[in-house]
Amino acid sequence: GKMFVIEPVPASVLREKEKKLSQELEVKEKKSLARKAQLMGELLDTAESRSSTFGETPLPEDRALTIDRENHLRMNCRRPSVFFQLSLNGVTLRMDSFEKSDSHRLQSVMDLSVSNLFVAETVSMSKPIKMFGEWINDEEHPRDTRFGTLMLKMATWTPASKVTVDNQIESDDSEITVQLLPMRCLLDQRAITFIRAFLNNDGEDNKEKAAGEKWSASLHLIPPPRFKLFKIKPWRVKVDYIPTRMDVTALREGSIVELVNISPIHRMVITLSEVKVVESVGFGEVFGEVVSSWVKEICATQLHKFLANARPFEPFTDVGQGLTDLVILPYEAFKQGESIQRAMRKGMKSLAETVAFQTLTTTSGLTKYAADLMADILGSGRPNFAGNPLPSRPLATPKGIGDVRRHACESLARGLQAANYKVVVVPYREFTRNGVTGAVTSVIKGIPVLLVAPLTGATEAASYTLLGARNALRPDIRKEEEASMSLH
């Protein structure tokens, strides 16, 4: 037979096995406690449990919290600094309602007045600018503080029959009279494109939803008013238009409107006659007829102003108007029995002011263009860069020569600073890095900057000085520009 010998296990091996077993029990106990804590957290709906059990399918509350935490990302994608703004300040509304009576059908009379109405945008400039606002000119049309920028009076009558022949709800009868003060428009092609894209973004989902609605879905809505008379009084508009590009393809296909984008338009004054629209339903149809009437009037009587006020011809047109006044004013004085010499002096003064104004305006614009062009050639587009010879212009419009000294001196100093940076600072830095060869190469590269940068600063100083002189000569133009830059 076989013989078995049972020997005792060594004490060291037993201790090792006991230690391993205790560690396994401790791990199992910790897992059990963690699981209990997780289940208890889910029952109590704590923050730690919401991302564990339901991590793959978050609850609506979790999704809302995530969206709020990532709000800054959405804001960056939306470009919040680019916007347009419609403002109505100083709104006064009076509504007189009348009780129902067999003797009359008058329902209400409403008077609306808006003291300050404007549309601002930040598409063309980083700072908000009024693209549509009041035309402030105390000489041509002083502002009567009793009147608002927009005034509207609307009278409404109950229809004689509440149901039409087609079994539809009859619209109320209304008469509206609208009056607008002279307005100034600073139109930039980029801003117009931005607003058109915003207003035309209806979406296909809304169209499909509207098409799928039942016939009875809009029975609770009030039908649009029927305008027995919609009258808008004569209106004057001063327009400045800045195009950025011309669609040659559209022009070849017959879109004559693209001709407007050939050249900027400055200080074009359009006078729009009174328009009356009768027997029209809804504001959309009324406004369409008003705009169509104005467009026909402009094409028939004022189309030449688009050419006369285009930038290459506008100075000559203005001077030509001054020469015309030199002849017409004495003739009118002779017809009315007034002093011809006084009329001639008035005409000579007007012509001299016109020539001086156009000279200062044109020279200031050309020198500004030359300064920007030279700055672009130097490749220093950053305003606070040491090599940039052009400082940022002050936000406030200069009232005269005294207000331009600081910016003019800063422009001259920045031109010299840019030349010093390219010819002294950069070569010294290259000398410390690469020795004499690098320094000589940097000096050679900086010679064009040495010649152009001081000239750029001097050109900008001259441009801003001429602008101050122009504003001193024509404070009315300065006030118009200040009003367009102020959102008040």
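Visitor: How many helices and strands does the secondary structure of the chain come to?

Guide: Helices (H or I, at least four residues) and strands (E, at least two) are DSSP runs, numbered from the N terminus. Here the chain has 14 helices and 11 strands. This is a predicted model, in which local features need pLDDT of at least 70 and side-chain atom pairs count only at pLDDT 80 or more, while totals for chains, interfaces and linings use all residues. Residues are numbered from 1 along each chain as its sequence is written, and side-chain values use heavy atoms, with hydrogens and water left out.

Visitor: Why is strand β4 largely enclosed by the rest of the structure?

Guide: A residue is buried under 20% relative accessible area, exposed over 50%, and partly exposed in between (1.4 Å probe, protein chains only). In strand β4 (residues 150–157), 6 of the 8 residues are buried, so the strand is largely enclosed. Of the 488 residues of the chain, 30% count as buried.

Visitor: Which strand is joined to β4 by 8 bridges and runs antiparallel to it?

Guide: Two strands pair if DSSP finds at least two bridges between them. Strand β2 (residues 106–121) is joined to β4 in this way, with Val 114 opposite Leu 150. Strand β5 (residues 173–180) also pairs with β4 in the antiparallel sense, over 8 bridges; there, Met 154 stands opposite Ile 176.

Visitor: With which side chain does the side chain of Glu 134 make a polar contact?

Guide: A polar contact is a pair of N or O atoms within 3.5 Å; within protein, one must be able to donate a hydrogen and the other to accept it, and residues adjacent in sequence count only if both atoms are side-chain atoms. Glu 134, in strand β3 (residues 129–134), makes one with the side chain of Arg 143 at 2.7 Å. At 18% relative accessibility, Glu 134 counts as buried.
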